[in-house]
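Visitor: I have a new model open on my screen. Can you walk me through it?

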Amino acid sequence: MDELERPSGHCTEEVVAGMSEEAATTGKPTADERTVKRAVWASAMGNATEWYDYGVFTSGAIAVSIGSEFFPGEGNAVLKSLALLAVGFIVRPFGGAFFGPLGDKIGRKRVLAVTILLMSGCTFLVGVLPTYSGSYSMGIAAPIAILLLRIIQGFSTGGEYGGAATFIAEYSPTKRRGFFGSFLELGTLGGYVLGNLVVLSVTLSLSADQVDAWGWRIPFFVALPLGLIGLYLRNKLEDTPEFRRMEAAGEKPHKAPLKEIFVRNWRMILNLIGIVLLLNVADYLLLTTMPTYFTDTLKINDNTSTLIIIAVEVIQMAIIIPLGALSDRIGRKPLLLTAAIGFLVLSWPSLKLMQSGSIFWLFVGFLIVALLLVLMLAVIGSTFPAMFPTRVRYGSFAIGYNISTSLFGGTCGVIVTALIKSTGNEDWPAYYLMAAALIAIIPIIKIPETSQVPMDQIETADSGGKLTSAAAQR
């Protein structure tokens, strides 16, 4: 691989030959485009693996099977399954606090190798677990075992996303960071679509009894090869140019910089939490709660619901990369603000279209909120890492992101479903989105625009939460 470390006095011809256009302009060695693309796909595979799991776990048929096979007795099987999914989110901040600062200390690549293996391995093991009762069972140990797997997976996921986004952002050239960063969420959408397609194939190929008996296991098996592919891609790369530059300069933390993260960056972390609140309420509500809302509340057929979601996800995938490239020209904040204001104004009308009783209008209503979500998804991979300096970037991002995700994202499915059932009011998804949007507008306005700021010029945050880099102030 091309040498990317900072040269001592001048660049050799070999290093110059491997430099990107940005490196030739600035004199700072960076990865060439071929290497950047490999880094992007290696990072996106982790997100795809994570969201493949969500796509499988929250589909109507699989959610019912998990709830009934592992937690028998009275009560809604789907709600039990969503509650199990939410448990993994409780430990995500702990995973972020462990893996994030560790990634700042020992490198992004090493930590990301561990997280993708844990995520995919836990999903695979769900598929081989004995159930509560039946010929292949282990009684009360079954719900305990699946609970432990979700906890381990949640812990590892807490270290995955922040590292993957950081990996892409630190490999990408400044003027194309939005373009390359959008591929991270392309992995999210692709993994979710794949999960739904696999579930759809299983439910169309097998009878309902066969799905309940053993067919629900099949989609979980696919996660392991996904994880192994991601691991292979990651191991073919060196760590990011930014991390190696920091290491060569002797600026790398000697121990995990947990204290430094909170003391010097707490205001920016609060801004991150406020933006992620909306992102994850929208993300998890649309992608993990609405499938069961369609089937349980709106009484839409499982397969019809899955097809609608897949179609909308494909549309999101088609436009997310152009939107990421657009943010390189006009900035990240215009897209984030448009999304937040859109959720505030359009969530309730969109939900009313979904409740109209027409499949066509249900599709239109769901598409409207999905298009607002993709405005955020297209830029978060380039926005969030650029809120923090290299020395504490992975840790600050992972901690702030996962605190918000745990409190507001992973719990929204359980809360919204419970509110609908307890009050009889089917409009709670819209109310939840509107409240989140109202909160997120404030930190979106407060954060600096960093679309043209090189990652090595993002130094730290001052007492007002603004970046001190001179370039960031322009």
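Guide: What follows is a short tour of helices, rings, salt bridges and surface. One caution before we start: this is a predicted model.

Visitor: Start with helix α9. What span should its 29 residues have?

Guide: At 1.5 Å a residue, helix α9 (residues 177-205) should span 42 Å. Its end C-alpha atoms are 42 Å apart, which agrees.

Visitor: And how many of the residues of α9 are buried?

Guide: 23 of the 29 are buried, so α9 is largely enclosed by the rest of the structure.

Visitor: Rings next. How many aromatic pairs are there?

Guide: The count comes to 24 aromatic pairs. One of them is Tyr 54 with Phe 89, and that pair is stacked. Their centres are 5.9 Å apart, with 15° between the planes.

Visitor: Where do Tyr 54 and Phe 89 lie?

Guide: Tyr 54 lies in helix α3 (residues 33-57), and Phe 89 in helix α5 (residues 77-90). The pair therefore ties together parts that are 35 residues apart in sequence. Both Tyr 54 and Phe 89 are buried.

Visitor: What about Phe 57 and Phe 220?

Guide: Those two form an edge-to-face pair, 6.0 Å centre to centre and 80° between the planes. Phe 57 is in helix α3 and Phe 220 in helix α11 (residues 218-221), so this pair links parts 163 residues apart in sequence.

Visitor: Is Phe 57 buried or exposed?

Guide: Buried, with a relative accessible area of 1%. Phe 220 also counts as buried, at 0%.

Visitor: Which residues form the aromatic cluster?

Guide: Trp 51, Tyr 54, Phe 89, Tyr 192 and Tyr 284 form one cluster. That brings back the stacked pair, Tyr 54 and Phe 89.

Visitor: Switching to charges. How many salt bridges does the structure hold?

Guide: It holds 14 salt bridges. Among them is Arg 393 with Glu 170, whose closest N and O atoms are 2.6 Å apart. Arg 393 lies in helix α18 (residues 393-409) and Glu 170 in helix α8 (residues 141-171), so the bridge ties together parts 223 residues apart in sequence. Arg 393 and Glu 170 are both buried.

Visitor: How far apart in helix α13 are Arg 245 and Glu 242?

Guide: They are three residues apart, so about one helical turn separates them. Their side chains meet in a salt bridge, 2.6 Å from N to O. Arg 245 is buried at 6% relative accessible area, and Glu 242 is buried at 6% as well.

Visitor: What about Arg 391 and Glu 260?

Guide: They form a salt bridge too, 2.9 Å from N to O. Arg 391 is in the loop between α17 (359-383) and α18, and Glu 260 in helix α14, so parts 131 residues apart in sequence are tied together. Arg 391 is partly exposed at 32%, while Glu 260 is buried at 19%.

Visitor: Which residues are joined into one network by shared partners?

Guide: Asp 104, Arg 108, Glu 170 and Arg 393.

Visitor: Now the surface. What makes up the nonpolar patch?

Guide: Leu 125, Val 128, Tyr 136, Trp 214, Ile 218 and Phe 221 make a patch of about 510 Å². Helices α7 (108-128) and α11 each give two or more residues to the patch. Ile 218, in helix α11, is partly exposed at 31%.

Visitor: Last one. What is the phi of Lys 299?

Guide: Positive, about 60°, although Lys 299 is not a glycine. Lys 299 is in the loop between α14 (258-297) and α15 (302-330). Lys 299 is exposed, with a relative accessible area of 64%.

Key. Residues numbered from 1 in each chain as written. Predicted model: local features only at pLDDT ≥ 70, side-chain atom pairs only at ≥ 80, totals over all residues. Heavy atoms only, no water. Helix = DSSP H or I, 4+ residues; strand = E, 2+ residues; numbered from the N terminus. Expected span 1.5 Å × (residues − 1). Buried < 20%, exposed > 50% of the residue type's maximum accessible area, 1.4 Å probe, protein only. Phe/Tyr/Trp six-rings, centres within 6.5 Å; stacked < 30°, edge-to-face > 60°. Patch = residues over 30% accessible without salt bridge, like charges linked within 9 Å, V, L, I, M, F, W, Y side chains within 5 Å. Areas by Shrake-Rupley, 256 points an atom, 1.4 Å probe, with all protein chains shown as cover. Salt bridge = Lys/Arg side-chain N within 4 Å of Asp/Glu carboxyl O.
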